[in-house]
Protein chains: 4
Amino acid sequence: MNFRQSFEIDHLGPCRHDNPIATEGNAHFIDEDERLLCDPYLSGLEEAVESGTRPVGFELAGPRRRIHFDPTRVRAAIVTCGGLSPGLNSVIRGIVMQLWYHYGCREILGIRYGYNGLGPDAPPAVTLTPERVSNIHLEGGTILGSSRGTPPTATLVDALAGRDIDVLFTVGGDGTMRGAAAIQQEVRNRGLDIGVVGIPKTIDNDIPYVRRAFGFETAVAIAMQSVRAAEVEAKGAPRGVGLVKLMGRHAGFIAATAALAAGNANLVLIPEVPFELDDLLGWLEARLARKDHAVIVAAEGAGQNCFDPETLGRDASGNQALGDIGTLLRDRIKTHFTELGQPAVLKYIDPSYLVRSTPANPTDQIFCDRLARAAVHAAMAGKTGMLIGYWHGRMTHVPMQALEGQTRRVNPQGELWYAVRENTGQPERLGAPA
Amino acid sequence: MNFRQSFEIDHLGPCRHDNPIATEGNAHFIDEDERLLCDPYLSGLEEAVESGTRPVGFELAGPRRRIHFDPTRVRAAIVTCGGLSPGLNSVIRGIVMQLWYHYGCREILGIRYGYNGLGPDAPPAVTLTPERVSNIHLEGGTILGSSRGTPPTATLVDALAGRDIDVLFTVGGDGTMRGAAAIQQEVRNRGLDIGVVGIPKTIDNDIPYVRRAFGFETAVAIAMQSVRAAEVEAKGAPRGVGLVKLMGRHAGFIAATAALAAGNANLVLIPEVPFELDDLLGWLEARLARKDHAVIVAAEGAGQNCFDPETLGRDASGNQALGDIGTLLRDRIKTHFTELGQPAVLKYIDPSYLVRSTPANPTDQIFCDRLARAAVHAAMAGKTGMLIGYWHGRMTHVPMQALEGQTRRVNPQGELWYAVRENTGQPERLGAPA
Amino acid sequence: MNFRQSFEIDHLGPCRHDNPIATEGNAHFIDEDERLLCDPYLSGLEEAVESGTRPVGFELAGPRRRIHFDPTRVRAAIVTCGGLSPGLNSVIRGIVMQLWYHYGCREILGIRYGYNGLGPDAPPAVTLTPERVSNIHLEGGTILGSSRGTPPTATLVDALAGRDIDVLFTVGGDGTMRGAAAIQQEVRNRGLDIGVVGIPKTIDNDIPYVRRAFGFETAVAIAMQSVRAAEVEAKGAPRGVGLVKLMGRHAGFIAATAALAAGNANLVLIPEVPFELDDLLGWLEARLARKDHAVIVAAEGAGQNCFDPETLGRDASGNQALGDIGTLLRDRIKTHFTELGQPAVLKYIDPSYLVRSTPANPTDQIFCDRLARAAVHAAMAGKTGMLIGYWHGRMTHVPMQALEGQTRRVNPQGELWYAVRENTGQPERLGAPA
Amino acid sequence: MNFRQSFEIDHLGPCRHDNPIATEGNAHFIDEDERLLCDPYLSGLEEAVESGTRPVGFELAGPRRRIHFDPTRVRAAIVTCGGLSPGLNSVIRGIVMQLWYHYGCREILGIRYGYNGLGPDAPPAVTLTPERVSNIHLEGGTILGSSRGTPPTATLVDALAGRDIDVLFTVGGDGTMRGAAAIQQEVRNRGLDIGVVGIPKTIDNDIPYVRRAFGFETAVAIAMQSVRAAEVEAKGAPRGVGLVKLMGRHAGFIAATAALAAGNANLVLIPEVPFELDDLLGWLEARLARKDHAVIVAAEGAGQNCFDPETLGRDASGNQALGDIGTLLRDRIKTHFTELGQPAVLKYIDPSYLVRSTPANPTDQIFCDRLARAAVHAAMAGKTGMLIGYWHGRMTHVPMQALEGQTRRVNPQGELWYAVRENTGQPERLGAPA
């Protein structure tokens, strides 16, 4: 990631109100001028000092002593977009609880089914109260529903203005954050006083400047069960192969981490480390000859070089569609060993919906609560066009446009991937002489 | 089921040895002449008394005071066949523990990969001891491995005789029990003193005279999680449909019971209750119009009338292959609503391998232990050609040939299916006017 | 148990209404004249035939074609009494759902905090609807609250009559059922048309004619985790002793069953099998010398002979109070080995409240639903002074007065206790020469 | 914490061997000169630059290109000390796997029952191999056993030298680390070439320079279940109070975090925030009057001002013994409300042994593996007298003597405690006017 850029946050305007939490005792207000260093290493620091540049850092999230919005009159809305992820309900609950109890906000709308809930013909928004949300963190999914796609930005801003919404909390992935950035731009062009604050959702854990996505630990724990099941199935049959497809369109974090947690995988395939199908089949032949069973974990975005992009076409959002590596491997492995005259007994497990729809585990519950609380503090202070990041254990403010051109991937030379390779014993590159 | 037949059990021969557990204090030996009534209702009884017939009943399982085999010299073997089911390892463990500690048997072989492990080129059998098996019930699957198919009966009996095996414990489904019956016949024809005792395994819960199959409760508990996940997914999207395929080739017990436990399904499809695809699509149209989401649970053997048996062909065992109702419904529902211009967002969940590979829950662990103990007592007493049944809460002896021509199915006029219909609100017959 | 008595059920009066579920398709109405044999063994049957007596049996639970109450005008109340047990909310939910959807009943009251909720100064009853109860089975405990003790019977009947309650569903243990029988007697004396139907709750599993109490399997599963934890603690220290106290005032079912499920206990102590403290200490000395660790599971009612009943006094309900065997063993074991100069490292685990407060597992959820449905059918048909039993896998009707003088205990000569002894290797009697 | 001190690490001597993992492809060797800044904030940095001091930082853990020990001849030992914590077996497994597969070490000893296992009359050490440890992470506790207390340092070093041990891995708390520092000192005094590397274990999460202790997340998840159970019990009775005692002798991290995760506590008591018993009783009176139930979570070290230190005496290690705040609160609350004439129904839950003995959850499993791998790399490189820390998401090296005089506590003005207060609504100080 590029740490040279600025991480300064856009504001709606002056802060004319006292933060009401000031009356609750030992409020821990955040110093607006403090920065959390992006790069906490001595080498980077010495470089900065030598070159005379000030090291870049993130603004810290948390309550501000003076805030922009009158908390008793503010009207907030929450929208959840894209695919499900553990913890969505926890985030919704956390935003409502914080707005209601600590800022005294009494008007909170839940937009139904993503940005489309702000479009024409949308079902009416839901009124959110502490009573409505008090137990929703015990259920998976999102009580608001979600969807992909979005009406035009102008329509969205019309809807926000038309409903007198002061603050929009958007929970979603990078596409959602791009949409939010466009909303903020349009809001500014129209001279409106509407804040847009994002909470990054990415079960793939691939949003830059966010070290850990909410729901990721829960997802890994559930995904791990499938890797364990794959081993049971693989060992349960002669020449048994357990194949698990896990989430990860562009980043293999879930596959790599779930395999590490299970501790029993023999091969992990991730988008960041390409391979040839023939090399995989060769590896599997050797493995079955030696050990009679194999456990393979594949991220859904792995092995895309095995497909012809032309035939795959584009998905609903206009992106290059992914080839289905899970069923490709399943079918090719079966065919290959049948042709060899040494059939393999392959069991294919795709637990994606079970992983996505699980309620947040205790760690994620607390994490979602922290994210939600940070987002509310930022919004009330008049911050806009930003999302809540997580860095060195602290909640931070990240400008939405900072995501542009940045990606977060498993580093094939880093500790995580090296740990996977040590754990599985798999070679640096399939097909390389052992 | 037909209760007119006899349930008398075949014996290998005289019982010349004292049961060694007699020395362990209050041994609870079973009376060979007692019978557990198959039909425990007054009406059946009065009918029997009137017609002067003696009501049929099962022999009770349990230790006999006198036994056929010399326990210190007996050589036992265990084989697990067919698909995985929760509790296989618990059964293996229970047999070994009972043989070792209570009969003093010191030679226990574990046959690898089903009946094929008695065939030519099979991997060597494993020596089983208490130390080897003490913690295996905490893992899913079977430490012996399993497989479908079998060498010819003569080969199997050659292998048993060649390895001096006195008692074979076979754990498997109805095909496995048919194989065991054939082995016993061949053993008798050759005049050998080898016992064959079966422990019925059927994750579908469809073996006659066995009220509850081991692993079934565990399977239902895991399957239920997928039904709950389907609801989360269905409610998470506009016009969301959660579709779960569960085991059940000929009997819908898992689908019906998991749906009842989840308490949130809107439609359950089982093999015993046929339906037309068009009626299902009509029902779903109405449901989505009224409620905007739907949860459908389908047993894998449901809706076979929607397929052409000719095109499906035969499976490895020579049986009519099943059409894949899960993917058929998935594809047809998507197409139908897209053509209608009102797309549905369908999420398809097939948790089969996760369900099969789970370790036994506490209830099943105890149940497997009871089955195993009963099987060992029966085998040591010289009973053969029989399996352990479960009836009115007691372990029983059932002759293998009694399974012939019998089936166990969900009764569409019985309490279970009626409970499902009350729970889902689904009509008696899809397509009937509401 | 004494099966000579009659199990005939009291009725409120004539059945003048059609059962509304008759219109729902294949209703499975129960024949009032059928009986489920209490004793399903051939020997008992032959004895009955010889002596010319008709074998006793239970009435079967289930819907009747004609019912006593006008379903659209009936007013029902539910009360939960005594200690918590997994499944209370499932039972409440099941009663409400069945009354509402299948009988069309629209007035359902939830009495707060047990029978005391019908007394003076009680908090107002709660209105129960499907919406209110739809997800309560996912939470432990009872949404109505519970308590011990009760106002005088006359007060209770005044309250029922004063609130126009037609049917009272009481969920509780044997004390609660005695209270319900007294209510029914008083109702009859006053010539009122009020039915009283019980659902037996006993986490100890000790109510006669009820083979399995709701919540018992869930309780065993949670209790088992403590037994496993005790082993981890015992093996984690030199001369480690893990001691677990489980529920079971007069019957050791939970202790015996949880120990069986865990499969790692070395000694199980239950009320039905007395022991001397010195014999236990002697056994433990030998065990630690041989194996260096020990796992002991004690039911709370075990070892009462070690206490002086005079000093214990009476509990709130006037029964003989129990001595606390858990802390007695903890303290005596510590002291004994310290005095011996060979200290033991004892870890004491009492998981009672964790066990009681767990939500029902899938099996218990279904079981509670069956109980609730059976209770509603019975009440609507005008049955009264009865509870729902469970026998040979069927729901039955049991007159409340049939419980008098009957107990349900672990049989020290039966299969369960023998299985425990085989599993632990413990002697028939502590102190007996090995 | 004091960041002014140096964090330089002691070395045994020159590194004359190539690291064998260099041949495994993309090894990610760590630069010995890099430092991770302790304080990653711009303010601290500017202060350092102004004052001309170099900011302090930690050495990074990870593989070194050149190592001190000949990996094929090194002899390692592992010892686990103090109380159980989730993940001990995962750490043992990780050390063995890393030593065996990546350094080729073939002599690994497991010392039994803590430092006492190096004393006279100790049971023999266990030989550790990949086969022995491959599944131990699925079980709680430590396969080596543990204990408190230690023989004299000279005895320990005699034992290490006498058994030709080159590297000792000690897993334990701050007492264990002090013992390890003494061992290292004695080793140096004797001029021996023995390395001592610590892996900090603290279920209380209170070791300085270690942001997160292994097992802490697992412990919180289990502890949370008790907090949820306490709510079920509290709501299940009139004037119900659920009281949970959790670990935390000097630091309330588990109590605070478990309460946050449960989201239902009304009062959290931690050692860092003193209170008077009368104020607590007054708070509870008001709470019960208003809400009829209360959930209280107390760390075991909370409220020590309520005890007389004289009467408490000293514990086995010579430290001031703690008063038992759990039973004190239980008894005082019961007495107080009985005296008031308004009895409370208090349910007291102490889940400590259940929390400690749980196996590591997936997140902790991975974390333990990282710690273990870092410890092996450090030891092979000849680092000694150090432990593995965790800071800003990286594994670090921390000199054992740096722990002296440092503590890690919940900051009553920090984000965690503020989140607890927002969540519970409890006042800054009990007894303060509301």
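How many residues of chain D are in contact with residues of chain A? The count is 40 residues of chain D against 41 residues of chain A. Two residues are in contact here if their C-beta atoms, placed from the backbone, lie within 7 Å.

This is a predicted model: local features need pLDDT of at least 70, side-chain atom pairs count only at pLDDT 80 or more, and totals for chains, interfaces and linings use all residues. Residues are numbered from 1 along each chain as its sequence is written, while chains are lettered from A and ligands numbered from 1 in the order in which they are written.

Start with the side of chain D that touches chain A. The elements giving it two or more residues are β3 (36-37), α1 (42-51), α6 (216-235), α7 (253-262), α12 (362-380) and α13 (415-424) of chain D. Helices (H or I, at least four residues) and strands (E, at least two) are DSSP runs, numbered from the N terminus. The largest share, five residues, comes from α12(D). By class, this side of chain D has 16 nonpolar, 16 polar and eight charged residues. Ala, Val, Leu, Ile, Met, Phe, Trp, Tyr, Cys and Pro count as nonpolar; Asp, Glu, Lys and Arg count as charged; the others, Gly among them, count as polar.

Now look at the symmetry. Two copies of a chain are related by a rotation about an axis and a shift along it. Chain D superposes on chain A by a rotation of 180 degrees with 0.0 Å of shift along the axis, at an RMSD of 0.0 Å. The superposition is by least squares on the C-alpha atoms of residues with pLDDT of at least 70 in both copies. In chain D, the C-alpha nearest the axis belongs to His392(D), 2.1 Å away. The same surface serves both copies, as 100% of the contact residues of chain D recur in chain A.

Chains B and C come next. Their contact takes 39 residues from chain B and 40 residues from chain C. On the side of chain B that touches chain C, α12(B) gives the largest share, five residues. That side has 15 nonpolar, 16 polar and eight charged residues. Chain B can be laid on chain C by a turn of 180 degrees and a shift of 0.0 Å along the axis, with an RMSD of 0.0 Å. The two copies are thus related as by a two-fold rotation axis. His392(B) comes closest to that axis among the residues of chain B, at 2.1 Å (C-alpha).

His392(B) also sits in the turn of a hairpin. The hairpin is formed by β16(B) and β17(B), with two residues between them, and His392(B) has a positive phi of about 50 degrees. Strand β16 (386-391) of chain B pairs with β17(B) in the antiparallel sense over six bridges. Strands pair if DSSP finds at least two bridges between them. Strand β4 (57-60) of chain B also runs antiparallel to β17(B), joined by two bridges. His397(B) in β17(B) is the bridge partner of Glu59(B) and of Ile388(B). Five of the six residues of β17(B) (394-399) are buried, so this strand is largely enclosed by the rest of the structure. Buried means that 20 or more other C-beta atoms, placed from the backbone, lie within 10 Å of a residue's own.

Finish with helix α5 (174-189) of chain A. Its buried residues include Met177(A), Ile183(A) and Val187(A). The buried residues of α5(A) pack against α4 (153-162), β9 (167-172), β10 (195-200), β15 (383-384) and β16 (386-391) of chain A. Just after α5(A), Gly191(A) takes a positive phi of about 70 degrees.

Methods: Buried ≥ 20, exposed ≤ 12 C-beta atoms within 10 Å, placed from the backbone.
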